[in-house]
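Subject: Structure handover and notes

Hello,

The structure you asked about is below. My notes on it come after.

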Amino acid sequence: MNEKKKANPIRKILESRLFSQIMPVGLLVILTVIFGIATKGRLTSAASLKIIVEQALVVATVSTGGAFIFASGNVSLSLGATTVLTATLSLLAYNKTGSIAVMFIVAIGLGVILMTVSALLSTALGVRVMYVTIVMMTLLSALQQAILGGSTVSLPYEVVQKLVKGGVMYIGFIVFFIVCVVLFHMTDIGRSLRFIGTNNLCAEQTGISKAKYLLIAFIIAGVGCGIGAILAIIRGGSVGTSTLPSLNMDCMLALVLGGMSIFGGSKSYVYSGVVGALTVVVLNQGLLMIGVDATIIQAIRGIAFLTLVTVSQVRPKGLPAPEG
Amino acid sequence: MADQQTILEVIHMDKNFGVTVALNDVSFTLERGHVYGLIGENGSGKSTVSSIIAGMQTATKGDMTYKGQPWKPTSMLEAQEHGIGMIVQEAGTIPNITVAENIFLGHEKMFKKGPFIDRAKLTSDAQKLLDELGIKEFKASDRTGQLDMQMRKIIEIAKCMYWKPEILIVDETSTALSLEGRQFLYKVMAKQRDENKTVMFISHDLDEMMEHCDKLTVLRDGVIIGTLDKSEYEPNRIRKMMVGRELKGDYYRSDYEGYSDEVVLTAKDVTTLNDLLCMNLELHRGEILGIGGLSECGMHTVGKALFGIEKVLDGEVRVKDGTLINSPRTAIDHRMAYVSKNRDTESLGLSATIAENIASTGYKINAFFGNLISFKKEARYVDKQIEDLQIKCAGKNYMVNTLSGGNKQKVVFGKWVASDAEILVLDCPTRGIDVGVKASMYKLFTDMKRSGKAILLISEELQELIGMCDRILIMKDGQVTREVMRAENPTESSLIDYMI
């Protein structure tokens with residue numbers, strides 16, 4: 001390999017992939033330290049950290065699955081609505097049968113079915129994923145409202161306790177996360193999706209079928225929604241029309257905060273959702289604890305999201321195309 | 001005080017892209033009334049220095065003077081307004097707007113009428129410009145997307161000439177032009193010289209450079225190797241300066257080895273929505289089969305149809321075992337490869353790394369235990385291609401868009417060579433690459449042929465077809481109209497006769 005010399009070591013570090021992978025973790029640590037100091041240690045107490053992790057689990061799970069869709073350069077807006085409707089129907093299934101196994105099967109099965117419908121609509125009609133998922137988001141939210149009206153549906157307290165004590169939340173997330181890491185980074189699934197996100201046309205001409213891999217991405221995201229729904233049930237004990245209202249936005253924010261490009265492609269990492277979910281919750285909790293109004297927090301999250309999307313559009317200095 | 005004849009001076013210029021050194025202490029002077037040629041291998045820094053002069057990017061170190069004043073443009077528009085215009089290598093027009101709107105892109109305020117843009121005046125001024133330049137092939141009101149790539153390049157030339165540049169930079173423009181288009185460009189360049197203005201011309205076509213340039217400056221690895229006056233031009237000497245080693249002109253095949261009788265790919269009565277009508281061909285094991293013709297003859301669609309990208313409405317494409325090729329996946333599963341003419345848009349993931357691009361054909365090959373990919377195997381798969389094809393890069397994890405054109409093309413080849421394809425469909429594979437890389441590509445084609453691989457070479461360069469192919473199929477109106485064997489020793493003029 002002919003290597004040209006005169007490397008600027010600082011620039012080399014800044015432009016390296018490793019730096020872009022480590023930076024989100026650094027951001028999480030910095031935010032935790034800043035809010036830890038600002039809240040005089042309340043945020044970093046053991047009890048508070050446990051709450052942060054538990055709160056982050058739902059977002060982390062759903063966004064880990066969603067990372068597969070985002071890697072392909074597509075934006076899904078129905079992850080939140082799918083998770084909430086799935087949670088509602090799986091709880092109703094439990095109430096009907098009294099079986100936890102049925103609840104689990106319904107959650108995962110329904111998550112997969114709903115996401116598969118989105119994928120098929122997009123590929124069959126040739127409509128962009130974003131537009132299809134806008135329709136799905138509206139439709140699924142309306143469906144949940146029609147089913148529940150103003151009421152909520154709950155899981156009996158003793159069942160919740162049993163699941164909490166059994167560590168189902170952590171086990172569910174860890175198993176799903178490990179499977180996703182393997183699929184994303186060690187099989188053709190993740191690589192193909194990233195390549196589609198980089199250049200869709202080139203991917204097709206390299207034999208990578210966009211329709212096939214997009215369907216796989218939605219199925220994995222559907223499993224994520226299903227597991228996310230179970231975690232939401234266990235954490236909240238009940239589901240209503242106001243459950244997890246900003247889940248989709250939280251997932252998107254988590255992915256970009258976790259270092260993933262909103263446009264997918266080469267710089268997509270499956271762990272972005274996890275690091276980002278923790279960052280989102282630390283940001284939310286930290287701001288709440290120092291007394292910032294909830295509306296202002298929403299605005300701050302929106303600004304953070306737009307800033308990160310803007311930054312991710314800036315071409316790194318070392319990457320022009322120096323032809324000839 | 002600068003000499004009145006001197007229009008631009010580049011003084012000790014350096015340019016680094018991250019760890020890559022694109023220009024290293026480059027100094028030269030441009031005088032009025034000359035056509036200067038800038039020549040060098042891909043990645044030598046030609047486009048980098050010209051783009052700095054034209055305001056597309058800034059130098060890391062060094063100075064420039066323009067008409068005796070310090071010159072540090074911050075944008076192409078600024079350079080254009082001060083009299084330095086550049087026709088860029090990549091596509092520089094927007095398809096969804098009219099020709100007139102493309103010509104005045106960024107300068108719409110010139111046609112402001114109250115809060116609105118006076119589109120009628122914009123169009124009529126553009127039409128006046130086209131008339132002045134003698135462009136009759138399209139009108140200012142035509143939608144750009146309806147025109148072919150060549151016509152779009154002509155729009156860029158017109159756009160540049162509107163500003164009556166004192167320095168016109170022509171960067172690798174001629175590769176996108178046919179013979180008539182090139183003649184038009186040469187006329188524009190000659191007029192510029194006659195008006196005591198300056199042209200900086202960049203091309204990989206040595207004959208073209210020697211014919212049209214008064215002086216040739218050779219760059220290699222970001223360093224100026226030397227400048228030659230017209231009287232000193234000698235092709236082998238220039239090539240040697242470019243690549244740093246002796247490179248004889250005859251880098252094509254000299255053998256008449258022939259090929260096997262075994263047919264590995266058949267196209268029978270292939271008809272597509274556009275371009276092809278009952279097209280037939282047979283490709284044999286160990287054969288380099290050339291396809292040539294005038295623009296619009298349909299030859300570029302042949303590659304796409306054979307590889308399953310272009311939908312075949314009637315007829316069929318089959319490989320040796322009888323399998324119907326109707327998608328790229330089927331083609332790849334039957335060890336076919338396709339290199340598109342449009343490298344940057346179809347053959348590469350520019351914002352992916354070199355490793356990711358090469359590895360994209362090897363997910364199955366590098367798998368172990370089901371679908372799990374072995375990182376070790378994959379690294380070997382990628383490293384081998386970087387070594388074998390001598391891809392100049394700072395590292396395999398650098399993005400492809402940091403590479404020069406020739407090295408990008410090597411990455412495209414690398415991904416298909418690595419996949420051990422048996423049938424290669426190559427559409428203008430040496431387009432826009434320098435003689436050094438071309439020579440290594442031709443050697444690669446010959447080695448592949450000898451190892452029994454079949455190559456379909458679609459090319460606009462007649463010399464390439466004559467020099468490399470066992471058979472040449474001439475196409476006209478979407479059909480093969482003539483077959484020429486290597487043994488017939490065809491000439492360029494005989495091929496042109498067949499095409500016409």
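The notes cover conventions, then chain A, then chain B.

This is a predicted model, in which local features need pLDDT of at least 70 and side-chain atom pairs count only at pLDDT 80 or more, while totals for chains, interfaces and linings use all residues. Residues are numbered from 1 along each chain as its sequence is written, chains are lettered from A and ligands numbered from 1 in the order in which they are written, and side-chain values use heavy atoms, with hydrogens and water left out.

Chain A

Helices and strands here are DSSP runs (H or I, at least four residues, for helices; E, at least two, for strands), numbered from the N terminus. Helix 4 (residues 79-97) and helix 11 (residues 210-236) of chain A pack with their axes 8 Å apart and at an angle of about 55°. That angle makes helix 4 of chain A oblique to helix 11 of chain A. Axes are lines fitted to C-alpha atoms, for helices over the stretch in contact, and angles run from 0 to 180 degrees between N-to-C directions. Under 35 degrees counts as roughly parallel, over 145 as roughly antiparallel, 65 to 115 as roughly perpendicular, and the rest as oblique.

For burial, the classes are buried (under 20% relative accessible area), exposed (over 50%) and partly exposed (in between), with a 1.4 Å probe and protein chains only. Helix 9 (residues 188-198) of chain A has eleven of its eleven residues buried, so it is largely enclosed by the rest of the structure. Among the buried residues of helix 9 of chain A are A:Asp188, A:Arg191 and A:Arg194, together with A:Leu193 and A:Phe195.

A nonpolar patch lies on the surface, formed by A:Ile113, A:Val117, A:Leu121, A:Leu125, A:Val127, A:Met130, A:Tyr131, A:Ile134 and A:Met137, with about 730 Å² of accessible area together. Helix 5 (100-125) and helix 6 (129-148) of chain A are the elements that give two or more residues to the patch. Patches are made of residues with over 30% relative accessible area and no salt bridge; like charges are joined within 9 Å, and nonpolar side chains (Val, Leu, Ile, Met, Phe, Trp, Tyr) within 5 Å. The areas come from the Shrake-Rupley method with a 1.4 Å probe, and for residues only the protein chains shown count as cover. A:Met137 is in helix 6 of chain A and is partly exposed, at a relative accessible area of 32%.

Over all chains, the structure holds 40 salt bridges (a side-chain nitrogen of Lys or Arg within 4 Å of a carboxyl oxygen of Asp or Glu).

- B:Asp255 pairs with B:Arg450 in a salt bridge, with the closest N and O atoms 3.4 Å apart. B:Asp255 is in the loop between helix 8 (235-243) and strand 13 (263-272) of chain B, and B:Arg450 is in helix 15 (residues 435-450) of chain B, 195 residues apart. B:Asp255 is buried, at a relative accessible area of 12%.
- B:Glu262 pairs with B:Lys320 in a salt bridge, with the closest N and O atoms 3.0 Å apart. B:Glu262 lies in the loop between helix 8 and strand 13 of chain B and B:Lys320 in the loop between strand 16 (312-319) and helix 10 (328-333) of chain B, so the pair ties together parts 58 residues apart in sequence. B:Glu262 is partly exposed at 29% relative accessible area, whereas B:Lys320 is exposed at 56%.
- B:Asp388 and B:Lys384 form a salt bridge at 2.5 Å, N to O. Both lie in helix 13 (residues 375-388) of chain B, four residues apart, about one turn of the helix. B:Asp388 is partly exposed at 48% relative accessibility, and B:Lys384 is partly exposed at 49%.

Salt bridges that share partners also join B:Arg253, B:Asp255, B:Glu257, B:Lys449, B:Arg450 and B:Asp470 into one network.

Chain B: helix 1 and backbone

Helix 1 (residues 46-53) of chain B is mostly covered, with eight of its eight residues buried. B:Gly55 follows helix 1 of chain B and has a positive phi, near 85°. B:Asp25, in strand 2 (residues 20-31) of chain B, has a positive phi near 55° and is not a glycine.

Regards
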